[in-house]
Amino acid sequence: MIMKRLSDYYSQPSNKVVGSIDYGFISRIPSGIQSCDAAKVSYHQKSESPTRSHGPINFSALWGEWHWRRTYKRVYSEQKGMWLTPCELFTPHYSNILANFVCSSMKNSLNKLRDRRIDSCETFEVVELGGGRGTNANALLNYMKENHRAMYDRLERYTIYDTSPTLHELQREVLISKNDDVRVHADKIKLVNVDLMNIAEGSSPFLTQSNIPTSVIALELLDNLPHDKVGRCMESLDILQAVVIPTNTSDHSSLSSLKSKKSEAFVPLNDRLLHNILSMAPGLYAPLVSQGPRWVPTVALGVLLALFDCRPNTSLVFADFDWLPRPDDTLGPALTEPAEGDPLVTDMSGKDHACYLTPPPSSLCDILFPTDFGRLAAFVQRIIDKSPRQFPLSVCSMKQNEFLLKYGHSEVDHTRSWLTGYSPLIHDFANCSVLEVSPQSISKNNRGL
């Protein structure tokens, strides 16, 4: 029987992720066929470059929550790129807050190195994983240049790693050159088109080995990164990994009929990266028999391992969904075994599906995974504890609105309604959290940055 790892299954082009699959040829698809970290997950990108058809929203002019809902609906209907993120919606305020975090954590890191006379480093780097349209990078650097000029001058490089060739070229257009327009931050920008799956597995180069303080940003990336589904054998208690296999049917009238029928099965664990992660943190991601199967954010964890190995003096902020709604019960039964962290599967028409095997072959679908930020923080803490650091790092997870108020109270105020004080930046997106890693003694009051 020909079997297929979920990772290989997800690495199909997006129109095949939940559609017809060539089971006679098992291989990974080269990076870039899908957007944002293709490999195990069906995050697809339209062929044309995504663009925003709206300018910055004047939040202070809104009359309250109801006005925001109406404005959001209008903006979304005008959107040409098929998705909206807080960074895009709340530009430049969201990115300004991230700039405050970067400057605060990097200044603290540089001071610690100087005080300990460990390193004569006077500069730092910023890395963004999955840079989207380049909106965040551009706004963040603009704010740094205008409000943190000393830190902007000490910024050696801002590197964006992105899987999508489409977004990679759009970032180049936005951040480096566009016709005759010279971009003000072009000398600091480096763009890398690479699959994060390959970085996690060590088959593609990542950051150079260095003690230079590095601030890493990932926005709405974790939900689309490759995941693996694991369970326990009830008899042997061995860990099993899920695979997708063709379903044997009595209908052999056509090859297409066979290709369109798939099912999920569990087989002995044989993925090296997944095995290493489960061995390193068995209490975090290895499921108990009584718990049933569980999804593991394999590539995200692999990238974190590579990151802290290359750059021990790393600060980071990862923001994403901590909860996603379950599919409508009227969609019919799922063809897969329920698991902790099951993804939300939705097609481009806005229709949800019961599981990743149920959409019809012609559907283009996005698979969104919720992130358990408590587990993610615990995993990062284990990475940090296993190797010596030049200075201690603090690891914590919090709701996104807490992070935004912590590093940008004044920016949040810019998004408040003049009438009610309602701010969609902190009152909406309640199902989002942030993983923060920063020097332990970082100031808790950053309003004056």
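Predicted model: local features only at pLDDT ≥ 70, side-chain atom pairs only at ≥ 80, totals over all residues.
Trainee: How many helices and strands does the protein chain have?

Mentor: Helices (H or I, at least four residues) and strands (E, at least two) are DSSP runs, numbered from the N terminus. The protein chain has 16 helices and 17 strands.

Trainee: What share of the protein chain counts as buried?

Mentor: Buried means under 20% relative accessible area, exposed over 50%, and partly exposed in between, with a 1.4 Å probe and protein chains only. Of the 449 residues, 57% count as buried.

Trainee: Which strands pair with β17?

Mentor: Two strands pair if DSSP finds at least two bridges between them. Strand β12 (residues 314-321) pairs with β17 in the antiparallel sense over 6 bridges, and Phe318 stands opposite Leu435 in β17. Strand β16 (residues 393-399) also pairs with β17 in the antiparallel sense, over 7 bridges; there, Leu393 has Pro439 of β17 as its bridge partner.

Trainee: At what angle do helices α13 and α14 cross?

Mentor: Axes are lines fitted to C-alpha atoms, for helices over the stretch in contact, and angles run from 0 to 180 degrees between N-to-C directions. The axes of α13 (residues 298-310) and α14 (residues 373-385) come within 10 Å and cross at roughly 30 degrees. The two helices are therefore roughly parallel, a term for angles under 35 degrees.

Trainee: Which residues make the contact between α13 and α14?

Mentor: Contact means heavy atoms within 4.5 Å. On α13 the residues are Leu301, Leu304, Leu305 and Phe308; on α14 they are Leu376, Phe379, Val380, Ile383 and Ile384.

Trainee: Is Ala186 buried, exposed or partly exposed, and where is Ala186 found?

Mentor: Ala186 is found in the loop between β5 (181-182) and β6 (189-193). Ala186 counts as partly exposed because its relative accessibility is 23%. Not counting residues up to four places away in sequence, Ala186 touches Leu175 and Ile176. Ala186 and Arg157 are 29 residues apart in sequence and 10.0 Å apart in space, C-alpha to C-alpha.

Note on methods:
Residues numbered from 1 in each chain as written. Heavy atoms only, no water. Parallel < 35°, antiparallel > 145°, perpendicular 65-115°, else oblique.
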